[in-house]
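Here is a short report for a first look at this structure. Keep the view open while reading.

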Amino acid sequence: MRDADEIEIVTPRGPARVDTDLPAGPPRALLALGHGAGGDVDAPDLGALRDAAARAGLVVCRVTQPYRVAGRRAPAPAGHLDEAWTAVLAELRRRHPAVPALVVGGRSSGARVACRTATAVGADAVVALAFPLHPPGRPERSRAAELATGLPTLVVNGDRDPFGVPEPGRRVRVVVRPGERHDLAGDPAGTAAVVVDWLRRRGWASR
């Protein structure tokens, strides 16, 4: 794995920041990851996945949304998040034209953004960490429809997540991590291993 490169990308919603880690050899895929609503790209699960995926031959790009770059913790509206993410992904594809596959994902809010925009950005698959199925205590406000992208999708949630756990569906695999809450901080390396194994089975990660 090569050292991370940090760049800013101009979007219609302000500058986004991208931290890119390159594999040691030719890349198998590009993995773009978004952060949670009030968090950042250094969350334990994202950090562990970055390390494991880069070692397994992926270009890993962790994307910080413009509102976080500007120092705000309150998330921007969903449409603004999607617009910024779409602009970033277009630039990343321009910068990495030879990478054969694009996998989009993230944790919590970032996972939702990745799902909502997956087909628009031309993704091959989605990785959703701690997908927030519903607001805590409000199961009637399900967001399950966002997972129905038609693309291969991996969801990794903790069994103690107050935001709920999605059900498997067409092309949607759900892995439930025992003892984990919404932050997936109990065993980040284990969560990363689940994701990399799933990517490897599809030919997007090396052994």
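## A first residue: R13

R13 is partly exposed, with a relative accessible area of 39%. That value falls between the 20% and 50% cut-offs, so R13 counts as neither buried nor exposed. The model is a predicted one.

R13 has a charged partner. Its side chain meets that of E83 in a salt bridge, at 2.8 Å from N to O. R13 sits in the loop between β1 (5-11) and β2, while E83 belongs to helix α3, so the pair ties together parts that are 70 residues apart in sequence. E83 is partly exposed too, at 33% relative accessibility.

## Other salt bridges

How many salt bridges does a search of the whole structure find? The count is 13. The bridge between R13 and E83 was described above. Two further pairs and one network follow.

E91 pairs with R94. Their closest N and O atoms are 2.7 Å apart. The two residues are three apart in helix α3, so about one helical turn separates them. R94 is exposed, with a relative accessible area of 57%.

R177 pairs with D187. Their side chains meet in a salt bridge, 2.8 Å from N to O. R177 is part of strand β8 (residues 172-177), and D187 lies in the loop between β8 and α5, so this bridge ties together parts that are ten residues apart in sequence. R177 counts as buried, at 14% relative accessibility. D187 is partly exposed, with a relative accessible area of 35%.

Then comes the network. Salt bridges link D82, R112, R116 and E146.

## The largest pocket

The largest pocket has a volume of about 240 Å³. Its lining is made up of 18 residues. Which of them lie nearest the centre? They are G36, A37, G38, S108 and S109. Two elements give two or more residues to this lining: α3 (78-95) and α4 (109-117). Helix α4 gives the most, with three residues.

Eight of its residues are nonpolar, six are polar and four are charged.

## S108, a residue at the pocket

S108 is among the residues nearest the centre of the largest pocket. It is found in the loop between β5 and α4. S108 counts as buried, because its relative accessibility is 10%, below the 20% cut-off. What does S108 touch, leaving out residues up to four places away in sequence? Its contacts are G36, L129, A130, P132 and H182. One of these, G36, also lies nearest the pocket centre.

The backbone of S108 deserves a look. Its phi is positive, at about 55°, although S108 is not a glycine. Most residues other than glycine have a negative phi.

## Another positive phi: R171

R171 also has a positive phi, near 65°, and is a residue other than glycine. Where does R171 lie? It is in the loop between β7 (153-158) and β8. R171 counts as partly exposed, at 44% relative accessibility.

## Helix α1 and its cover

Helix α1 covers residues 44-55, twelve in number. From first C-alpha to last it reaches 17 Å, close to the 16 Å expected at 1.5 Å a residue.

Is α1 mostly covered or mostly uncovered? It is mostly covered, with nine of its twelve residues buried. The buried ones are D45, L46, G47, A48, L49, R50, A52, A53 and A54. The list includes D45 and R50.

What covers these buried residues? Several strands take part, including β2 (14-21), β3 (29-34), β4 (58-64), β5 (102-107) and β6 (125-129). Helix α5 (188-201) is also part of the cover.

## Where to look again

Start at the pocket, where S108 lies among the residues nearest the centre. Then turn to α1, where nine of twelve residues are buried. Finish with the pair R13 and E83, whose side chains meet in a salt bridge.

Note on methods:
Residues are numbered from 1 along each chain as its sequence is written. This is a predicted model: local features need pLDDT of at least 70, side-chain atom pairs count only at pLDDT 80 or more; totals for chains, interfaces and linings use all residues. Side-chain values use heavy atoms; hydrogens and water are left out. On a 1 Å grid over the protein atoms alone, a cavity is a set of points where a 1.4 Å probe fits but cannot get out, and a pocket is an open set with protein on both sides within 12 Å along at least five of seven lines; lining residues have an atom within 4 Å of a point. Grid points are joined across faces, edges and corners, and a volume is the space filled by probe spheres set on the points. Helices (H or I, at least four residues) and strands (E, at least two) are DSSP runs, numbered from the N terminus. Ala, Val, Leu, Ile, Met, Phe, Trp, Tyr, Cys and Pro count as nonpolar, Asp, Glu, Lys and Arg as charged, and the others, Gly among them, as polar. The expected span of a helix is 1.5 Å times one less than its number of residues. Buried means under 20% relative accessible area, exposed over 50%, partly exposed in between (1.4 Å probe, protein chains only). Contact means heavy atoms within 4.5 Å. A salt bridge is a side-chain nitrogen of Lys or Arg within 4 Å of a carboxyl oxygen of Asp or Glu.
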